[in-house]
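Good morning, colleagues. Please look at the model on the screen while I go through its aromatic residues and their surroundings.

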Amino acid sequence: MWSSFSEWFWQERFWLPPNNTWAALEDRDGLVYAHPRDMLAALPLALALVVMRFVFERFVGLPLSRLLGVRDQARRLVKPNATLEKYFLTEGWKPKEPQMALLAAQCGLTLQQTQRWFRRRRNQDRPCLTKKFCEASWRFGFYLCSFFGGLSVLYHESWLWTPAMCWDDYPNQPLKPALYYWYLLELSFYISLLITLPFDVKRKDFKEQVAHHFVTIFLIVFSYSSNLLRIGSLVLLLHDASDYLLEAGKMFNYTHWRKVCDTLFIIFSLVFFYTRLVLFPTQILYTTYYESIAKWSPFFGYYFFNSLLLLLQLLHVFWSCLILRMIYSFVKKGRMEKDVRSDVEESDSSDGEAAPEPRPLKNGAAHRPGPAPADGPRSRLAGRLANGHAPAT
């Protein structure tokens with residue numbers, strides 16, 4: 001059954017333009033072509049990257065975070081409470097006020113104590129700044145090396161400057177070793193990101209990130225198997241051009257170097273909009289939709305590949321909207337605010353907590369609103385007034 005499925009799956013009409021066969025892409029006369037089986041090497045390499053990442057974060061990222069002054073916020077541990085813990089794990093992190101009041105009654109706590117318990121419990125599951133910094137530093141290192149490595153591979157290639165040349169003599173285009181190793185490294189990295197998803201910081205665009213990783217993996221595998229390496233390499237290079245700037249901005253955000261963070265955010269936004277909203281649709285999508293079929297008729301691979309690219313462009317638009325929200329906040333407030341995708345750690349005085357009842361003083365007088373007086377003559381004077389003494393004149 002497996003042999004029958006493999007024979008059906010690898011039909012030329014799915015992967016190659018009409019009147020082309022796999023036999024024509026066999027290595028010959030010193031020329032090497034892309035073969036789908038070559039991509040199997042990405043699996044052990046992805047596992048190696050996972051190991052390298054944990055070593056990097058432990059021995060490079062963590063010391064670097066301390067050197068740059070990244071400090072984790074002190075968190076108060078919650079008191080064990082089986083009822084609240086069960087609700088937290090099974091029903092949700094943020095109960096509505098009626099349910100909160102019911103839980104408070106069941107546990108013999110006040111509403112304020114129950115709200116505080118849930119806030120502290122949520123904070124316990126939130127990743128600390130050090131973890132965020134280590135993850136960002138690993139991705140920054142990879143994207144930086146990948147972008148400039150890919151640029152060095154493609155710089156002297158004609159299709160980098162004229163995307164229409166991606167289709168010259170397609171699919172009979174020999175594979176260069178440097179392009180293969182770069183392609184293999186990119187595929188391995190995105191597979192490693194999927195492997196480490198359960199351990200990574202989860203942001204509000206988690207589902208979009210997972211979709212992006214799967215789309216990227218499918219694009220890399222399909223473009224390699226169909227010998228669409230030229231246009232695939234351009235897609236990879238365009239994405240890496242802004243990714244390392246984003247990770248660098250995150251790193252400086254965690255170190256609270258505001259001016260550097262703001263500058264990097266502006267540069268990243270400009271590069272992102274230009275590469276993802278200008279170059280990608282006008283150069284990549286245009287050539288794959290129109291120029292690619294100038295010499296042969298559309299086939300299954302044409303529709304499949306372009307569908308993945310279109311889905312990728314929709315994700316670009318989604319993230320562009322998030323960036324625009326951050327730019328609006330930046331212009332309005334004059335400084336970079338938090339990442340809109342991030343989950344913010346809550347303090348014990350977060351909004352939404354029931355206001356504490358005023359505490360009576362020892363003589364029964366109500367405590368007046370306002371800041372408590374500091375220790376000193378003013379505080380002693382306030383104490384005498386509270387006990388009915390008049391100030392001396």
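Tyr-290 is exposed, with a relative accessible area of 54%; by exposed I mean over 50%, by buried under 20%, and by partly exposed the range in between, with a 1.4 Å probe and protein chains only. Tyr-289 is partly exposed at 25%.

Before I continue, a word on the basis: this is a predicted model, in which local features need pLDDT of at least 70 and side-chain atom pairs count only at pLDDT 80 or more, while totals for chains, interfaces and linings use all residues. Residues are numbered from 1 along each chain as its sequence is written, and side-chain values use heavy atoms, with hydrogens and water left out.

The whole structure holds 37 aromatic pairs. Rings of Phe, Tyr and Trp (its six-membered ring) pair if their centres lie within 6.5 Å; planes under 30 degrees apart are stacked, over 60 edge-to-face, and the rest tilted. Trp-15 and Phe-222 are a stacked pair, with 5.1 Å between centres and 25 degrees between planes. Trp-15 belongs to helix α2 (residues 12-15) and Phe-222 to helix α10 (residues 206-225), so this pair ties together parts 207 residues apart in sequence. Helices here are DSSP runs of H or I with at least four residues, strands are runs of E with at least two, and both are numbered from the N terminus. Both Trp-15 and Phe-222 are buried. Tyr-289 and Tyr-290, by contrast in geometry, form a tilted pair at 6.5 Å centre to centre and 45 degrees between the planes.

Which residues does Phe-299 touch, leaving aside those up to four places away in sequence? They are Arg-13, Phe-14, Trp-15, Leu-16, Pro-17 and Pro-18, where contact means heavy atoms within 4.5 Å. Phe-299 sits in the loop between α12 (258-289) and α13 (300-333), and its 9% relative accessibility is why it counts as buried. Phe-299 and Arg-13 are separated by 286 residues in sequence, yet their C-alpha atoms are 6.9 Å apart.

Trp-15 and Phe-222 also belong to one aromatic cluster, whose members include Phe-5, Phe-14 and Phe-300. Phe-5 lies in helix α1 (residues 2-9) and is partly exposed, at 41%.

Finally, the overall picture. The protein has 14 helices and zero strands. Of its 393 residues, 43% count as buried. Among contacts with a separation of 6 or more, 80% come from residues 24 or more positions apart.
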